[in-house]
Amino acid sequence: QVQLMESGGGLVQAGGSLRLSCAASGSSFSINAMGWYRQAPGKQRELVATSTSGGTTNYADSVKGRFTISRDNAKNTVYLQMNSLKPEDTAVYYCNANANSRATFKTYWYWGQGTQVTVSS
């Protein structure tokens, strides 16, 4: 099993910044891609940003130029720096990780518990 521990959510005014962190634990697994998704009330969960273990990143169009995803592979930790936040960024943000079992080489997907980000206007 891989456990994802998120932190860094909160309440911020429009134009402000927040930094989310997500640490993955599970020595029996090799972590591959990690990323962030978000779900606003009444909406489907959507991709925000992802990063492969090699550092290739992908962003939703709505956050390009404002959010930056980064990783510390030694710590199995992914970060999301969110700048110029807008009220429409308000959502629960979920960490996601793709991992291979070292024993079976099977691939699994894991989700964090979510952290609330609220941007006031």
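**Charged and aromatic side-chain contacts**

The charged end of Arg19 sits over the ring of Tyr79, at 4.1 Å from the ring centre. This contact belongs to a predicted model, in which four salt bridges are counted and a search of the whole structure finds four aromatic pairs. Arg38, Glu46, Arg66 and Asp89 are joined in a network of salt bridges, while ring pairs bring Phe29, Tyr108 and Tyr110 together in a cluster.

**Salt-bridge network**

- Arg38 and Glu46 meet through their side chains in a salt bridge with an N to O distance of 2.7 Å; Glu46 counts as partly exposed because its relative accessibility is 36%, whereas Arg38, with a relative accessible area of 6%, is buried.
- Arg38 also forms a salt bridge with Asp89, at 2.9 Å from N to O; since Arg38 lies in strand 4 (residues 29-39) and Asp89 in the loop between strand 8 (77-82) and strand 9 (91-101), this pair ties together parts that are 51 residues apart in sequence.
- Asp89 has a relative accessibility of 1% and therefore counts as buried, the limit for that class being under 20%.
- A salt bridge also connects Arg66 with Asp89, their closest N and O atoms lying 2.7 Å apart; the pair links distant parts of the chain, with Arg66 in the loop between strand 6 (57-59) and strand 7 (67-72) and Asp89 in the loop between strand 8 and strand 9, 23 residues apart.

**Aromatic pairs**

- Among the four aromatic pairs found in the structure is that of Phe29 and Tyr110, whose ring centres are 5.9 Å apart and whose planes stand at 85 degrees, so the pair is edge-to-face.
- Phe29 in strand 4 and Tyr110 in strand 10 (residues 107-111) are 81 residues apart, and their pair thus links distant parts of the chain; both Phe29 and Tyr110 are buried.
- Tyr37 and Trp111 form an aromatic pair that is likewise edge-to-face, with 5.1 Å from centre to centre and 70 degrees between the planes; here too distant parts of the chain are linked, Tyr37 being in strand 4 and Trp111 in strand 10, 74 residues apart.

**Surroundings of Trp111**

- Trp111 counts as partly exposed because its relative accessibility is 40%.
- The ring of Trp111 has the charged end of Arg45 sitting over it, 4.6 Å from the ring centre.

Technical notes:
Residues are numbered from 1 along each chain as its sequence is written. This is a predicted model: local features need pLDDT of at least 70, side-chain atom pairs count only at pLDDT 80 or more; totals for chains, interfaces and linings use all residues. Side-chain values use heavy atoms; hydrogens and water are left out. Buried means under 20% relative accessible area, exposed over 50%, partly exposed in between (1.4 Å probe, protein chains only). Helices (H or I, at least four residues) and strands (E, at least two) are DSSP runs, numbered from the N terminus. Rings of Phe, Tyr and Trp (its six-membered ring) pair if their centres lie within 6.5 Å; planes under 30 degrees apart count as stacked, over 60 as edge-to-face and the rest as tilted. A charge sits over a ring if NZ of Lys or CZ of Arg is within 6 Å of the ring centre and within 35 degrees of the ring normal.
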